[in-house]
Amino acid sequence: MGTLDGKVAIITGAARGQGAEEARLFAGAGAHVVITDVLDEPGERTAGSIDGAEYLRLDVTSEEGWERVVADVVARHGRLDVLVNNAGIYSGGQLVNVRTEEWDRVIAVNQTGVFLGMRTAARAMIAAGNGGSIVNISSIAGMMGIFGGTAYGATKWAVRGMTKVAAKELGRHGIRVNSIHPGYIETDMLSEAGLDDQERLARTVPLRRMGTVTDIASMALFLAGETAAYCTGQEFVVDGGVWG
Ligand SMILES: NC(=O)c1ccc[n+]([C@@H]2O[C@H](COP(=O)([O-])OP(=O)(O)OC[C@H]3O[C@@H](n4cnc5c(N)ncnc54)[C@H](O)[C@@H]3O)[C@@H](O)[C@H]2O)c1
């Protein structure tokens, strides 16, 4: 018996990185996993390597895209139990240098994407009446100020805040909503952000290592399933001890 037997989960931005590992762990726990992303070829490949997974294209900034994907999943699988809002982009830049177009781009993906995902999934979950679990991937940048992370930090604090409001509103429907706050995790995002010197970075972490995608996916699996039945509206920091 897996902890997600018979459940249907959508994970955004799951072609690679943390989302792909969440798809692997969720499918291993018995869920049918819908991997979504804007990277079609890696997305198809990741889904093809996991028993019980499929790939659908979804740009999280698209309201129409969300409506289409959630309706399709519910029509074909009869239910939607779990949503992981994992898709995200990083953007560096100190306050005085942030261009408005860049600000808008980061807000659209990291903040509006999570809002649209929660809204669309919650409507489907309420209609089905089976409860559900929504897991939002924030960051330690949503727990503290990160130098040079104006736009990114704004979105990750927003995700933390929206999580708490949604948990209050959706609790009576048996829908739990929590946020995960990863520290420095070895993925393409970190190298694309220019944080290549991982040995130096790891020395700033109390546990003296970078985080792995499995560190985060294990927490997502816990929050998705009934082991976390009494957890909602909370932030779960997984950062090797950096914050606090
Ligand atoms: N890597 C880290 O150190 C770290 C730390 C804290 C939080 N996070 C957060 O973890 C989450 C996952 O990131 P990751 O580390 O796996 O990086 P990643 O870059 O490997 O994964 C992000 C995924 O999101 C997808 N994506 C981007 N824009 C999208 C859009 N508009 N619609 C759909 N998908 C889109 C990308 O194609 C990619 O597959 C992100 O929300 C990120 O902000 C990462």
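Which residues are buried in α8?

A: The model is a predicted one, in which local features need pLDDT of at least 70, side-chain atom pairs count only at pLDDT 80 or more, and totals for chains, interfaces and linings use all residues. Residues are numbered from 1 along each chain as its sequence is written.

In α8, the buried residues are Val213, Asp215, Ile216, Ala217, Met219, Ala220, Leu221, Leu223 and Ala224. A residue is buried if 20 or more other C-beta atoms lie within 10 Å of its own, exposed if 12 or fewer, and partly exposed in between, with C-beta atoms placed from the backbone. Helices (H or I, at least four residues) and strands (E, at least two) are DSSP runs, numbered from the N terminus.

Because nine of the 12 residues of α8 are buried, the helix is largely enclosed by the rest of the structure. The cover over these buried residues includes β1 (8–11), α1 (17–28), β4 (82–85), β5 (132–137), β6 (175–182) and β7 (235–238); here two residues are in contact if their C-beta atoms, placed from the backbone, lie within 7 Å.

The length of α8 (residues 213–224) can also be checked: at 1.5 Å a residue it should span 16 Å, and its end C-alpha atoms are 16 Å apart, which agrees. The expected span is 1.5 Å times one less than the number of residues.

Elsewhere, 28 residues surround the ligand, and the closest are Gly13, Gly17, Gly88, Thr187 and Met189. A residue is near a molecule if its C-beta atom, placed from the backbone, lies within 6 Å of it. Helix α1, part of the cover over α8, and α6 (188–192) are the elements that give two or more residues to this shell.
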